[in-house]
Amino acid sequence: MTDSYVVSIDQGTTSTRCIVFDRRGNLVSVAQREHQQHFPRPGWVEHDALEIWRNVGKVVPRALAQAGIVAGQVAAIGIANQRESTVVWDRRTGVPVAPAIIWQDTRTDTLVETLARAPGAEDLRQHCGLPLATYFSGPKLRWLLDHTPGLYERAERGEVLFGTMESWLIWNLTGGPDGGLHLTDVTNASRTMLMDLRALGWHPDSLAFFGIPAAMLPEIRSSSEVYGTATAVLPGVRIAAALGDQQAALFGQTCFAPGDAKCTYGTGSFLLLNTGTEPVHSSHGLLTTVGYQIGGQPAVYALEGSIAITGSLVQWFRDRLELISSAPEIETLARTVDDNGGCYIVPAFSGLFAPHWRSEARGVIVGLTSYITKGHLARAVLEATGWQTREVVDAMNADSGLELTALRVDGGMTANNLLMQFVADVVAVPVVRPMVAETVSLGAAYAAGLAVGYWPDLEGLRSNWHLAARWVPKMDNAVRAEERENWQRAVERTFGWIKPEARAANE
Amino acid sequence: MPGQVQSIARAAAILRLLASSSGRLGIGEIARSLDLAKGTAHGIVRTLQDVGFVEQDKTSGKYQLGAALLHLGTSYLDVNELRSRSINWADPLAARSGEAVRIGTLLDGKVLVVHHVFRPDDTLQTLDVGSLLPPHATALGKVLLAYDVGAANAVMQGEPEPYTRRTLVTARTLSRALTAIRDNGWAAEIEEMTLGEAGIAAPIRGYGGLVVGAIGLSGPVDRVCDAQRHPRPTLVAYVRDAARAVSRDLGAARW
């Protein structure tokens, strides 16, 4: 018997990658392609969904070729995706009706304010576990319906389809206009504000509240089951998992027990805590979301602390300020100085997410003096990620009543040693990285492999988890307290920056 | 005397042209100035761009000298970038071999540990990124010395410290070992630094084959070596595969 493998497609915010995993959960090959970020106006972030689909067609064959395997050796495909980003496309032609509105996009801020005053707004959070914010798909979809002539009527007639990225990819992988399957999974659906968290179906009241025709919505399925067979890219291979990227990372970190938590450092950073089969509602600015659902088993829920801007602050530093030529160089630059020199950067580029949820906040750099060099700025960039982590850990501890004893981390920024040490220093618990840093992809692969029997059970997956690195807190308590206060004062300076009338003019 | 390599002479001319020009130049301008076919000029400029000697302006599409030229004398690959690009291959090496993995580069005559993956047995281990190792007594260091004549001479002219009685401390034994490493493409260390410990390492190559670092595993002698005290061939193969995978990534288009 020739060896078989599981392929995962991670459709992320900045790139699409394909990773081939073997039976021990080891990475065999990886291929990646970045796509264009479009910023047509301040606060707007768009992707071309067709470009993303083309990239899938490029990276998957490349990863297979690199691994030296053929489609016949692929046991299943799993998909992990950037969440909330909203695509609406024509069912007949497969062409998107508008650029995809990305999760960081804040164009819906006035819409969200109007909706917040509408009847039914208070009940919304009970159904869907989320605060009304620009972040989620529901408002973005409503915006598209409002601003694309004739779209609402076409949606009612079922001529156009809505989906987040996994829906878009699965539809295209299974034939597109020619019989493509239109479905989503519980984790992605739990980010729309349209799903009933307990019943795991579209909630009629939420659909009515946002004014969204049911005919355009995908069918909600579990995160780990055989949805269908691919006819494009990897013809004949079963598509057996879909999860939002953060939930995929929770799965890849084998956080299968209530109380298990992980933080993934990517474009943004996301701390998720497994709360078992009951949704827990937060009183400290965290989200209630579906962690995963395996086939017909009960769904597992999670509390989530979402931070919008972490890795993308480094990208901004690289691409917009051009102070470094590659992302890892931020560490080199930051090490040219011993501390932040009194400078703090609060990257409220899309407002602030957890635990503040301030759409009107915008970024600040404070504490500037003639003393500050680009090295201090680089430090401040990395420290922003550390302090934002601390804020969501505090909220998580308060909501769950548990004290986090170690923080499991993953994602590209875990390669940054200075940052990981700083996170350990400010969160004041050890930070641990597992052997596979690519846990988003690994989680999608695990869920797909589980669905087709490639891996037998969760216990088997858990035995694949090994510690690869551990950073222990070294910061002096007094320094930590002082720096924390400075950070909090810097955060307060971001509040209320966007005036209501400016938002109205932008509309 | 061997003949002149035409494309290198032309590449040098293009660099001179860009250096003396007051602004950026387009492919057409470069081709006309040097009386080259546009396709020929484009091929050379693209290669120079790949190695970082030439940069293209995003908006105008015109070319200028690249930042890498200014840093020719210093290390051309940032160590944090090396870690970032090798992390995906160091993890599977540790998982497959069952041993701790380190990546090192030379810094002022010592081996700087730029990346460290724990032995995958979930025991308590300490991250030693940033620590310095003696180059003559470690597999990582010997690999780096084998491909850096200057550093090797400096070590041999000094007085290499004997950590154990197996440490190579004479110029003759060290020089012979480095030749063997170049022939084999990998290095081993067997109780040369610490009694009971062994290691295997191989070179990580960047553009044009330049060695930019070394990746290796280390562990107890009885696990790393067979009964004859030779490094186990499967482990050597894992190390070399990982080194090749990182090298391939570094040689590919810039991230």
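Predicted model: local features only at pLDDT ≥ 70, side-chain atom pairs only at ≥ 80, totals over all residues.
1. Glu192(B) sits in the loop that links β6 (187–190) to β7 (197–205) of chain B, and, because its relative accessible area is 9%, under the 20% cut-off, it counts as buried. Apart from residues within four places in sequence, Glu192(B) is in contact with several others, among them His136(B), Tyr163(B), Arg166(B) and Leu168(B).

2. In chain A, Arg191(A) lies in the loop between α7 (186–189) and α8 (204–210), and with a relative accessible area of 0% it is buried. Its side chain makes a polar contact with the side chain of Glu304(A) at 2.8 Å, while the residues that Arg191(A) touches, not counting those up to four places away in sequence, include Arg83(A), Glu84(A), Tyr135(A), Phe136(A) and Gln247(A).

3. Chain A also holds an open sheet of 6 strands with mixed pairing, ordered β3-β2-β1-β5-β12-β11. Because β3 (27–34) and β11 (224–229) each have a single partner strand, they stand at the edges, and one side of each is left without a neighbour in the sheet. Direction ignored, neighbouring strands are turned by 25 degrees against each other on average.

4. Within this sheet, β5 (residues 74–81) and β12 (residues 238–244) of chain A run parallel and are joined by 5 bridges, with Gly78(A) having Ala241(A) in β12(A) as its bridge partner. Helix α9 (residues 245–252) of chain A packs on the sheet, touching β5 and β12, and its direction makes about 105 degrees with that of β12(A).

Terms used. Residues numbered from 1 in each chain as written. Chains lettered and ligands numbered in written order. Heavy atoms only, no water. Helix = DSSP H or I, 4+ residues; strand = E, 2+ residues; numbered from the N terminus. Buried < 20%, exposed > 50% of the residue type's maximum accessible area, 1.4 Å probe, protein only. Polar contact = N/O pair within 3.5 Å; in protein donor to acceptor, adjacent residues only side chain to side chain. Contact = heavy atoms within 4.5 Å. Pairing = 2+ DSSP bridges. Axes fitted to C-alpha atoms, helices over the stretch in contact; angles between N-to-C directions.
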